[in-house]
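Hello,

Here is the structure I said I would pass on. My notes on what turned up in it are below the view.

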Amino acid sequence: MRHWPKVLLTMLILVVLLFSAGYWYWQKTLQTLAIHNLQFGIKTLSLHQLQLKHLSFELEQPAVKAELNDLVIRWHFPSLFRPTLQQISLGSGKVILTQWPRSAPDKDPLAELNYSLPSNWQIPTQFPKQIDIKQLMLSLPCPAGQCDYLLAAQLQIAEQHLRYQLYGYDAASADIVRLNLQGDYQTVQGLPLLNSQLTFDDSISLNLAQTLSQQVAKQPDLLHASGNIKLQIAPPSPWLLQQISAWQLELPADAVAQFTAPVTLNSDWQFDLPKQLDLISISQQASGNGQLTLHLPSPLSVPGIGQLQGQLQLEIGLSDGELSLYKLNSELALLQPILPDALQQKGIQADIVNIRLYADGKTKPQFTALPVQVSISSQGATNLSFNSAAIINLIPPLSATLQHSELALQQQTFTPTPQTRLEQLSLHSQFTANWLDDSWQLDIKTAQLNLQHLSVNDISAKTIQLDISPSKFNGDSQFHRIDFKSQIALTLGSIKQTELLTQSWQWQADISGKLDLTTASQHELMVKGALSNHANLGINHQLEYQNKQLELNWQLDEMFLLAGNPLMASFTSWPALLEFSRGRMNASGSLHYTDSLKAQANLNLSGISGIYDRSLFKDLSAELNLNYDANEITLTTENTTLKEIDHGVVVGPLKLAAQYHALASAPVAGKMTVTQLLLQAMGGQITVQPVTLDLTKEQQEVILQLSQINLAQLLQQHPTTDLTGNGRISGTVPLLINRSGATIKNGHIAAESPGGELQYRPTGAENMAAGNSGMKVVLDALNDFHYSVLASDVSYSNQGQLILTLNLQGSNPALEGGRAINLNINLEEDIPALITSLQLSSKISDKIKQRVQQRIQQSSANRANGAKP
């Protein structure tokens, strides 16, 4: 008896140590699980069981609140320090999930293709031998708020044989079983055998059987796997439709009405497999066969995809890793496919999509070259047809090839952007494609795109054809880099735009380059092309973009204007009063962009003749240089020549050297510097002193220098022949130019020494002198006047009135012995009227005469309406 106190003391110490160790382990576990607000009430506690009246706690991730009642945990001690769970039972409880767990980062699916079978299939001894859940409410966050369900479960393990049952109920109708999962799992000779049955509200039933067994002794590294699966999905019950609505899954009412027959899936298999279940090991050692059959007699609505109907049959056989049998026949139809909103907004719509995969198995298949004939077609606003022979390699690194591929597409309307609309689009293409583990390649043999109508902002075009042949595209598997090379031919039957005259255009180009989506600085593009139109306007161009630098060069095809003016026939902004009748024209230029834009253009004119307004000009030759840099425009010409100008008065040739400089933001508010302006006129010349004109000012002054003007030729320009004479005239005329026209003030001209002769012999001179002795003296003097001084002040108004204050000094040898005569005469002339008279009376072109007559008629109409001329 005296040993009992020691025994009791020892047992008490062990219990205290065991309780301390358990409490320490319990706290560590709670910290690991991030459990908060733990509350519990112990009903009984012994060495073999723990009964909790209630237990509640919260978890952060996932966000869970749990309340458990009548929780019993029983265990026993096979050895002193190795307790084993015997039973866990729950009377009632409630688990509330307030937020779905955050999804883990996407895993590489290829990483899961290489794994080994477990070496131990035994049920862990630590697993409870019995679990009994009488009632557990599970509350889940759904679009309707919280959706509540009831669960009940039983699990029993006896000698490595596990039997399980799980029942699910709707909390609103707890007397009807909605979910029933039951089955058993056991190991035979250390390998698993699984049977499971699932029913879901009489709408879905699933039966699964799977067995692994050891092969014969001569093949110890192989396992025999056999099994089957049977799945049937019947038309949804009213309760299931209610749940689909609560979870806001897409299931249109017409889809439910059309789903009248159950979907069935059957599959069975028997294979000898290596324990290392990677594709390489399977391809070297596996043998056996399997089959899969899917039958959808009526449309089945698949959320987010559409309604699926059709059938699929697959048979596969292996012999020592080699495919001995391979047959595939899949004919599926996707009714009312659900396309992304972005595509639907662009006009992509289809009522049905047919998908056919076929392999007849006649050719010997291989894992490295598995053939599949692919056919996809659609009907509706988008009509698509795609056919291809695909070759798939299932041995890592995976790869696929599309051969003899053909794509045809017809689209009624397509709006890639709100401002862009394409109508009656059709596309036909033939191509091949290769996809490897780290790269891909697309080779387009031919591709033709046709459009009946295209509108982009204020541009519209009709009868458009785009040909791409041949073309090569390739890049990496992540589409971070894309290299391309292509030949393009684009034809526009007609194009309308405010700056263009309606006609056909063509563009041909060779394009190559690469796109690097990881860094824009690595983009490259090279284009070599030619643009032309029906009016024979042609522009060759070369574009290169590399390292954020853009270089564009262009050359205008030489134009021979005798056959027509392509510029005038192409652009609406061509001056309506300017017409070319002969000559040659060509131009070239370049554009460079790095951090800022720089551009230059050269225009060469040779032997240009034509009409501008009411003037005829001949043999214009010029070289114009245009430069744009840092928002500044400079236009320069060094040696512009014009042989003749006929505006009723014939003058020429003309020489000009000038430069114009302005800001691009105000192109007509710049400065023009004239370094040379020389006009040969009437045996002499008119020059402009070097001057800089500031177009921002209200008025500019240009000094005209007249030199050695032949008086005889000047008088010949006047429509009357009453006055003749000879001599040379020079002078200086300040020309004031403003927005309302040109004026002259304080101009002065005078005859060169030694003077000359004037003869004024008007018809009816006798009548003019009759009764006026003074007039008779003047007429007699001017009948043959030899002058030594002929000088005049000159002024000219905005209204076109030329006023000459003329001073004549000289004599008539036949009058009064040639005594000296001094005459002061004021002359006024309406220059526009004089020019009009000269133009109508001369041999100038009919086109100019027609314009003169139109101008006269318009002026008469304006005066009749009270307008000032």
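**Notes on the model**

Phenylalanine 40 is part of strand β1, which covers residues 35-45. Please bear in mind that this is a predicted model. With a relative accessibility of 43%, phenylalanine 40 is classed as partly exposed.

**The chain as a whole**

There are 10 helices and 46 strands in the chain. Of its 869 residues, 33% are buried. The accessible surface of the chain is about 50,400 Å², and carbon and sulfur atoms account for 57% of that. If we take the contacts between residues at least 6 apart in sequence, 49% of them join residues at least 24 apart.

**Aromatic pairs**

The count of aromatic pairs is seven. One of them is formed by phenylalanine 386 and phenylalanine 431: the ring centres are 6.2 Å apart and the planes are at 20 degrees, so this pair is stacked. Planes under 30 degrees apart are what counts as stacked. Phenylalanine 386 belongs to strand β20 (residues 382-393) and phenylalanine 431 to strand β22 (residues 420-435), so the pair ties together parts of the chain that are 45 residues apart in sequence. Both phenylalanine 386 and phenylalanine 431 are buried.

Tryptophan 574 and phenylalanine 580 make an edge-to-face pair, with 5.5 Å from centre to centre and 85 degrees between the planes. Tryptophan 574 has a relative accessible area of 18%, and phenylalanine 580 has one of 15%. The cut-off for buried is under 20%, so both values qualify. Ring pairs also bring in Phe617, which makes a cluster of Trp574, Phe580 and Phe617.

**Salt bridges**

The structure contains eight salt bridges. Side chains of opposite charge can pair when their charged atoms come close. Three of the bridges are described here, starting with arginine 356.

What does arginine 356 form with glutamate 331? The two residues form a salt bridge, in which the closest N and O atoms are 3.1 Å apart. Arginine 356 sits in strand β18 (residues 352-359) and glutamate 331 in strand β17 (residues 322-335); the pair links distant parts of the chain, 25 residues apart. Arginine 356 is partly exposed at 33% relative accessible area, and glutamate 331 is partly exposed at 39%. Arginine 356 also has an aromatic neighbour: it lies over the face of tyrosine 358, at 4.7 Å from the ring centre.

Arginine 584 and glutamate 558 meet through their side chains in a salt bridge with an N to O distance of 3.4 Å. Arginine 584 is in strand β30 (residues 578-593) and glutamate 558 in strand β29 (residues 549-560), so this bridge ties together parts that are 26 residues apart in sequence. Arginine 584 is partly exposed, with a relative accessible area of 38%, and glutamate 558 is also partly exposed, with a value of 38%.

Aspartate 483 and arginine 481 form a salt bridge through their side chains, at 3.5 Å from N to O. Aspartate 483 counts as partly exposed at 22% relative accessibility, and arginine 481 counts as partly exposed at 31%.

Regards

Technical notes. Residues are numbered from 1 along each chain as its sequence is written. This is a predicted model: local features need pLDDT of at least 70, side-chain atom pairs count only at pLDDT 80 or more; totals for chains, interfaces and linings use all residues. Side-chain values use heavy atoms; hydrogens and water are left out. Rings of Phe, Tyr and Trp (its six-membered ring) pair if their centres lie within 6.5 Å; planes under 30 degrees apart count as stacked, over 60 as edge-to-face and the rest as tilted. Helices (H or I, at least four residues) and strands (E, at least two) are DSSP runs, numbered from the N terminus. Buried means under 20% relative accessible area, exposed over 50%, partly exposed in between (1.4 Å probe, protein chains only). A charge sits over a ring if NZ of Lys or CZ of Arg is within 6 Å of the ring centre and within 35 degrees of the ring normal. Contact means heavy atoms within 4.5 Å. Accessible areas come from the Shrake-Rupley method with a 1.4 Å probe; for residues, only the protein chains shown count as cover. A salt bridge is a side-chain nitrogen of Lys or Arg within 4 Å of a carboxyl oxygen of Asp or Glu.
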